[in-house]
Amino acid sequence: MMSEHWIPIAIFLPVVGGILIPLIGFCRARSREIYLMAVVLATSVLTTGLLVAPPADSVSVVRITNTIDVAFYVDGLGSVFGVLVAFLWPLATLYAFEYMAGERRQNAFFAYYTITYGLTLGIAFSANLITLYLFCELLTLVTLPLITHTRTKAAYVAGVKYLVYFVAGATAAFVGIILFYVNGGGLDFVPGGLAAGTAVLSPQVIGASFLLMFFGFGAKAAVFPVQDWLPSAGVAPTPVTALLHAVAVVKSGVFAIARFTYYSFGTAPLEGTPAQKIALSFAIFTITYGAIMAWKEVHFKRRLAYSTLSNLSYMIFGILLLTPAGLVAGLLHMLFHGIMKITLFFVAGAVACQSGLHYVTDLRGYGRRMPRTFAVFTAASLSLMGVAPFCGFMSKWYLAQAALAHGGRYAYLGLAAILVAAVFTAIYLLTIVIRAYFPGKSCEPAGRPDAGDPGRYMQIPLGIFALAMVLLFVFAMPVAEWIRSGVAGTFL
Amino acid sequence: MQETPFVLLSLTDTLTVAFRADAPGLAFLVLVAAMWTVAGIYALRYKDHLENNGRFFAFYLLTLVMLVGLSFAANYMTLYLFFEMMTLFSVPLVLHDGTAEAVSAAKKYLFYSIFGATLGLLGFFFIHAYGTTGDFMPGGVLDAGKISGNEEVVSVVAFLAVMGFGAKAGLFPLHAWLPAAHPVAPSPASAVLSGVITKAGVFCIVRVIYYQFGVGFLRGTWVQEAWISVALLTILMGSLMAFREKRLKTRLAYSTVSQLSYILLGFFFLNEIAFAGAMLHVLYHSVLKDGLFLSAGNILYRTRLEQVDDLKGLGRRMPWTLACFTVFSLGLTGIPPFAGFLSKWELAQGALHSGLLPYSWLAPAILLVSAVLTAGYLFPIVVHGFFPGRDACAERGDVGEAPAVMLGAVLLLAAAAVLLGLFGNSVLAYFFEIADTVF
């Protein structure tokens, strides 16, 4: 068992490491790469250690008032998010080396990129609502320069949108937290939430504060109607879109929802309330909305962003079923979707990098030009559709079984939405595959004529992800069981 | 008598990828293997007409692998896995020519199939939640305790699941991909697509109805009546469309739509006679439709003629091919002693014995009407082929009979059509044995 003091060290190591980059002012790419890899790998190793041998206690870093402090701890739910981040970050950093090669202002880029790692871990390991809120806000601020990195007009517009949505969301969430706190709710996360304590809150307060937090944190999880920042944010460099807008930022939103739902409110006070039904309705709507928008969109990265939007609501749907099976299924999809979607984005980035093309309609014949890249893309597409033998099938399976076990109108509606979305997923991804492999006769591929598979910094992560998707199909149950044992305490 | 399945993968406690050889699976496997071999040998010669041979044969064999897996599937999970994979691996066969028409047809095929498979997946979700076991059991696995109070939902899901797998078998309203996709594929691929892969949809429906939801749950419900109505509609519609179609391979594809619904109709009546008849028609239709598509392939190979009206006088140039075409046409119309008569006879008997008014008399009537239409869309080709009349235009001196290997494959199927017609009774007896296990 590791000492709890390692938790802030794991969180602040990449933060400090990131801040140091512009101060050191690396001139040579090689030395910056070695330094960055060392920081990121050390953080991942440390995080893995924390997950394998979790500290028993929480640690308070800053005491704001007698009752409010910034504190961290490692528990089952945080571990799920932590393991995802710790696995993906080193690979995404490797990918970013090649993607960003030749770009300007790399020191600034990698500084923010690495700081984000620490902040995401801070969210995963936060021990109370204030810490969670604080780190979500910091994440917004630090990722903003990453979106505007290219300094184009579109990037600034996206940046402003990003800021407006998240500040509005933060305000709502903050009001929700205050409302919850002043009426007697505890700030510390306790498995089971209110049910574990003695405080009695009126249903109106519970409903109002829950919905405020849901849509507040839900802005990060891109729940309709606070979803529009996500497709716009695709103007950022691909490593940002792939890691932050498919995994770290958006899943922080999902994670926050799971966290306050199960560890602040608890299932009993929410079960069957109008608040649960409203939240579920919005999640179900977002599932279908995202899938249909992805189908209509022809910009490669924006299409994937809409697909993310849809999939995030799969997770929220699972979580809001308020059953053990639903929570496990939602979290399982959070893990699996993280891997699938980062893969898809990496392919989109590799294609843009090699060919200069950004629209799916231009990719005719690219299956021949970039055979390995598109082989991985095909696998990831099938996985996201939910076809066996890839991991996407298993998380969808768990979600469906959770919905059926729950029963009732909303569960069936959600299941129907997921199946409809699966069909749209097939359409919006497989058309790309078909176009890439079967361009039609007498058709010269667009883009740079020398476009081929990317270098090994991009290929290695893609290969590992493809392998992971198959392995996680076979070993989905141990993963699900691990999640289940981690969150077992939340059902009282 | 159930043997323990061979478990390849345990995904969860109840979710496994497992295989077992049972009678319907083996029967389907024999059919798959035979047809794949014949069409494969045919393709060895036909490939002169194809570019990218390697790719064609790679996907041809991969599709076979998936069909073998499908035959041996011991539970719904495995069935779904291989069904989806079969779709994905057979798409490149449709795409093979790479023309704009092929690409749009392949997309249609892919998306209809995936939509159908998604409905099948819905059925799987429910069966897993409401069944006693995930394995296929003759008579079904529904847990009476769990479904009580939820009968209506389960019925709707059963209906949708069968309609979903029906997409593969060209069942209305998910049939539109079939006349688009089958003709654009190279002829050997059209033959197995129409003759065998569509039957995979039928096979899945048999598994879903007889081994998962169970006859007892479905018999006499609105679900059964809805299925029968849809099948009857598809039979009539397919035949009419085939009758109106002028392009030979598309006409054959519409004919497949119609004939597959004969088979589904048999399985929807939920009695032994119709069941055995439908099983027999699976076999017969595979042989006949493979033969028809390969004959069309011979014609294309030699003449590059696609339109039915251009085939006048072809009998003088390609007598053997057209003779075989005649045998298949007679069989498909249902004229004894060729394969095709006995199965339709049993189907009609099964309908009449079902006592399900008004379908018990409506079905045989529609079968007869459709048989007339079948004769109407196949016989003129034969008649004009052999007796072009004085103003014949197909005087192409250089056109001869197809290469020996290709002709041999067609002749083999014609011989099979005759022999299976003559000895249909012993095959039928075997199918009655299978029927006994599920009722």
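Helices (H or I, at least four residues) and strands (E, at least two) in these legends are DSSP runs, numbered from the N terminus. Everything below comes from a predicted model, in which local features need pLDDT of at least 70, side-chain atom pairs count only at pLDDT 80 or more, and totals for chains, interfaces and linings use all residues. Residues are numbered from 1 along each chain as its sequence is written, while chains are lettered from A and ligands numbered from 1 in the order in which they are written.

View 1. Most residues other than glycine have a negative phi, and most peptide bonds are trans. For burial, count the other C-beta atoms (placed from the backbone) within 10 Å of a residue's own: 20 or more makes it buried, 12 or fewer exposed, and anything in between partly exposed. A:Arg105 is partly exposed because its count is 14, and A:Arg151 is exposed because its count is 10.

**View 2. The hairpin of chain A.** Strand 1 (residues 59–63) and strand 2 (residues 69–72) of chain A pair in the antiparallel sense over 4 bridges; two strands pair if DSSP finds at least two bridges between them. Together, strand 1 and strand 2 of chain A form a hairpin with 5 residues between them. To find your place, look for A:Val59, which stands opposite A:Phe72 in strand 2 of chain A.

**View 3. A:Leu320 and its surroundings.** A:Leu320 belongs to helix 11 (residues 300–320) of chain A. This leucine is buried because 28 other C-beta atoms lie within 10 Å. Leaving aside neighbours within four places in sequence, A:Leu320 is in contact with A:Gln276, A:Ala279, A:Leu280 and A:Ala283, where contact means that the C-beta atoms, placed from the backbone, lie within 7 Å.

View 4. How far apart are the end C-alpha atoms of helix 8 (residues 187–213) of chain B? They are 37 Å apart, which agrees with the 39 Å that its 27 residues should span at 1.5 Å a residue; the expected span is 1.5 Å times one less than the number of residues. Helix 8 of chain B bends by about 40° at B:Leu193, the bend being the angle between axes fitted to the seven residues ending there and the seven starting there. Of the 27 residues in helix 8 of chain B, 27 are buried. Just after helix 8 of chain B comes B:Gly214, with a positive phi of about 90°.

**View 5. Two cis peptide bonds in chain B.** One joins B:Phe172 and B:Pro173, with omega about 5°. B:Pro173 sits in the loop between helix 6 (151–168) and helix 7 (177–184) of chain B. Another cis peptide bond joins B:Pro336 and B:Pro337, again with omega about 5°. For B:Pro337, look in the loop between helix 14 (319–333) and helix 15 (341–354) of chain B.

Definitions and conventions:
Two residues are in contact if their C-beta atoms, placed from the backbone, lie within 7 Å.
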